[in-house]
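Please have the model open while I talk.

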Amino acid sequence: EGIRMNMYEKMLWNVWMPKVRLAVSGWSCRNCDPLVEFIESWIPLLPRWLTSNIVDQLVLPRLQVEVNEWSPTTDIVPIHSWIHPWLPLLGQRLQIVYPTIRQKLAGALTAWHPSDPSAKSILKPWINVFTAGSMDVFLQNNIIPKLALCLEEFVVNPRQQNIEPFQWVMTWQGVCPENRFAQLLERHFFPNWTRVLCSWLSNNPDYEEVTKWYLGWKSMLSQSLQNNPVVKNQFSNALNIMNRAVSGKPSGADAPSLPYFTSIERKRAAEAAAEKRAAYLQAGVPQTASTEGLRFIDLVQKKAEDAGILFVPVVGKKHDGKTVYTFGAQAIYIDRSVLFVQSSKGGWAPVSLDNLLEIAKGKI
């Protein structure tokens with residue numbers, strides 16, 4: 001109405017369109033490909049107003065009815081398989097059905113438990129379809145509270161760990177926004193995990209076991225999540241607690257952070273020669289009033305902590321009578337304020353602290 005049609009457009013409207021209306025009226029929305037392909041093949045031959053009329057007056061109303069009748073708990077065919085093929089043609093027009101889809105999905109998730117992986121497979125196709133804001137709200141209301149409860153009930157037991165519930169939660173890393181997931185771990189996992197660590201350290205543990213436990217938990221997080229400031233701070237805090245435990249220092253915020261040594265190794269390190277100016281020049285650090293009182297081993301530890309690199313002794317391993325340490329993935333030892341790193345062939349070579357940091361970060 002109100003459109004002036006030429007002869008070609010009149011022919012389409014009076015002859016072609018009635019047949020299209022008849023075909024669409026008998027069309028099954030769950031078998032979308034034939035109609036999508038038909039409309040796409042005709043688009044170059046149709047005026048824009050006629051294409052809009054087809055999708056707005058024929059296709060979209062049928063999709064709305066079908067979405068209203070769809071049940072996520074009983075329908076075998078996933079809804080994205082017959083909605084997403086329309087995205088190139090309908091685009092933002094499909095926004096009209098999204099609230100209904102989210103409402104029905106939320107209802108289906110009422111009794112859901114994180115041990116059931118089906119929810120993730122249903123939601124994942126919608127991550128880049130729903131707006132980031134609407135998806136975030138949906139996850140906060142329907143998924144994250146259940147993941148939080150799962151973490152709250154999760155028992156951290158270094159002696160006999162059932163890791164499965166934690167893995168249920170971690171499968172959602174790629175679905176939940178990273179910052180939201182980091183906050184979830186900060187609030188509902190790390191407090192209990194840290195309490196267990198403190199309890200363990202207060203009972204004369206095998207520090208090598210504690211180190212393996214710490215590294216094992218850290219490895220279960222993606223590298224991106226490990227680098228998230230919130231998560232990184234939690235692991236740094238745990239490392240500081242471990243350092244203070246073996247050094248016998250108080251756990252206050254102002255307590256100095258010392259290398260993660262056994263008692264015997266700390267004693268031997270304390271007997272090493274005082275740091276000289278040449279050692280700082282070799283490490284690329286100018287000697288100042290604030291560094292003059294430090295031992296070289298403390299400097300290496302500080303650099304490792306600043307870079308988020310684990311620096312721990314390898315229990316029972318020595319080279320030429322010197323304690324061997326793990327610096328990230330590298331084996332090193334220190335001889336009179338000179339660092340030596342082990343090559344892939346097993347040999348040892350001197351290295352500056354700056355170069356060692358680059359090697360540990362994978363830049364060399």
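D320 sits in the loop between β1 and β2 (322-327). The model is predicted, so local features need pLDDT of at least 70 and side-chain atom pairs count only at pLDDT 80 or more, while totals for chains, interfaces and linings use all residues. Residues are numbered from 1 along each chain as its sequence is written, and side-chain values use heavy atoms, with hydrogens and water left out.

Is D320 buried or exposed? D320 counts as exposed, at 62% relative accessibility. Buried means under 20% relative accessible area, exposed means over 50%, and partly exposed is in between, with a 1.4 Å probe and protein chains only. The phi of D320 is positive, near 55°, and D320 is not a glycine. Most residues other than glycine have a negative phi.

N204 is another non-glycine residue with a positive phi, about 50°. N204 lies in the loop between α12 and α13 and is exposed, with a relative accessible area of 75%.

Two packed helices are described by the angle between their axes and the distance between the axes. The axes are lines fitted to C-alpha atoms, for helices over the stretch in contact, and angles run from 0 to 180 degrees between N-to-C directions. Helix α12 (residues 190-201) and helix α13 (residues 207-219) cross at roughly 170°, and their axes come within 11 Å. They are therefore roughly antiparallel. Under 35 degrees counts as roughly parallel, over 145 as roughly antiparallel, 65 to 115 as roughly perpendicular, and the rest as oblique.

Which residues of α12 meet α13? They are W193, L197, W200 and L201, and on the α13 side the partners include W213 and W217. Contact means heavy atoms within 4.5 Å. Ala, Val, Leu, Ile, Met, Phe, Trp, Tyr, Cys and Pro count as nonpolar, Asp, Glu, Lys and Arg as charged, and the others, Gly among them, as polar.

L139, Q140, N141 and N142 in α8 meet I144, P145 and K146 in α9. The residues of this contact divide into three nonpolar, three polar and one charged.

Next, the strands. β4 (residues 338-342) and β5 (residues 348-351) run antiparallel and are joined by four bridges; strands pair if DSSP finds at least two bridges between them. Q342 stands opposite W348 in β5. Five residues lie between the strands of this hairpin, where G346 takes a positive phi near 100°.

D335, in strand β3 (residues 330-335), has a relative accessible area of 18% and is buried. Leaving out residues up to four places away in sequence, D335 touches K322 and F340. I309, in the loop between α18 (296-307) and β1 (311-319), is buried at 9%. With that exclusion again, the residues I309 touches include A304, F327 and L357.

Finally, the whole protein chain comes to 19 helices and five strands. Buried residues make up 40% of its 364 residues.

How values were computed: Helices (H or I, at least four residues) and strands (E, at least two) are DSSP runs, numbered from the N terminus.
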